Amino acid sequence: MKVSQLGEFGLIDALKKFTPVSKRVIKGIGDDAAVLPFNKNEYLLFTTDMLAEDTHFTRRMSPQSIGHKALACNISDIAAMGGYPTFAVVSIGTPKNLPVRFVEEMYQGIQRVAKHFNVSIVGGDTIKTDKIIINIALLGLVEKKYLVARDGARPGDWIFVTGPLGNSLKSGRHLNFLPRLAQARFLVEKFKPSAMMDISDGLAGDLNHILKASQVGACLDDASIPRQRGASLSQALNDGEDFELLFTLAPLKARSLMDWQVRQKSFYFYPIGTITANVKEKINSKSFTHF
Ligand code: ADP
Ligand code: MG
């Protein structure tokens, strides 16, 4: 069987049986980041993302923005668990004819995001490849009481997103987005979502991950799904790389979040539907997968 017959998530599932985990692992494969033991009050978070030339970017794009994205998408995964990022290692594969300047500028992009989000780059690896590859692995921490996973959504919960969706690839927003770390920290400190993840493969497909993990269904109000300028409903549902947060909140908390945001203007959270008890109520998706 070929990789393309399994699909990206089928392949990850198939690999699970070769990845034994000890009892000390709190959450392994299947969420935005792994959750590991750390100390009495906090968990360690661990995530990685890889970008490759001609799959995620081309040499015509600005190297700074490639570096920016490589770190920003990892920070987005740490934020999605309710935590904050700490230390990262950066591995690159570079073709031998690549101008040194290109790599330096990629690192400028990484450094700018690292500084903004208080991340230290503490190592990495460098190899020769045919196409440019950049992989970042990022650690983070989360107070145990603030950890949010994908499996806590309950019937009646409201579903929210942190911003307008769709058109991210065409508009170039996927290269310069700022991960929603401040929003995630605000939410876990003040409202404690029942489930949360970041939208990397499209709202519809990603919401289905929450539904599957939580064993619930969902009903979306299409008209209230916020769209980026020029994005159709289908694009808002299915385009990937939005990097907004998708989260669910128990009804009482959802109402108080709505009241809160009428009174102030710092963040806006968009209610887009509700969680139902009917597991058959999945979202129709043409979600992005790699194969
Ligand atoms: P995200 O978009 O949030 O970064 P992915 O869709 O890339 O998450 O991955 C889904 C889950 O599968 C994550 O828990 C990730 O750690 C895990 N995963 C992805 N690829 C592999 C792999 N090659 N081996 C083991 N686990 C993997
Ligand atoms: Mg994610």
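The largest pocket holds about 1800 Å³ of space. Of its 46 lining residues, Glu8, Phe9, Ile12, Ile29 and Asp31 are the closest to the centre. Bear in mind that this is a predicted model.

Next, Asp77. This residue is in helix H2. Asp77 is buried, and yet it has no salt bridge. Which side chain of opposite charge is nearest to Asp77? That is Arg150, 5.5 Å away, and a salt bridge would need a side-chain nitrogen within 4 Å of a carboxyl oxygen. As for what Asp77 does touch, setting aside neighbours within four places in sequence, the contacts are Asp32, Ala33, Thr47, Asp49 and Asp198.

Last, Lys253, which belongs to helix H9, residues 251–263. Is Lys253 buried, exposed or partly exposed? Lys253 counts as partly exposed because its relative accessibility is 33%, and that class lies between the 20% and 50% limits. Not counting residues up to four places away in sequence, Lys253 is in contact with Phe191 and Lys192. For a distance across the chain, take Lys253 and Leu141: they are 112 residues apart in sequence, and their C-alpha atoms are separated by 25 Å.

Methods: Residues are numbered from 1 along each chain as its sequence is written. Chains are lettered from A and ligands numbered from 1 in the order in which they are written. This is a predicted model: local features need pLDDT of at least 70, side-chain atom pairs count only at pLDDT 80 or more; totals for chains, interfaces and linings use all residues. Side-chain values use heavy atoms; hydrogens and water are left out. On a 1 Å grid over the protein atoms alone, a cavity is a set of points where a 1.4 Å probe fits but cannot get out, and a pocket is an open set with protein on both sides within 12 Å along at least five of seven lines; lining residues have an atom within 4 Å of a point. Grid points are joined across faces, edges and corners, and a volume is the space filled by probe spheres set on the points. Helices (H or I, at least four residues) and strands (E, at least two) are DSSP runs, numbered from the N terminus. Buried means under 20% relative accessible area, exposed over 50%, partly exposed in between (1.4 Å probe, protein chains only). Lys and Arg count as positive and Asp and Glu as negative; His and the chain ends are not counted. Contact means heavy atoms within 4.5 Å.
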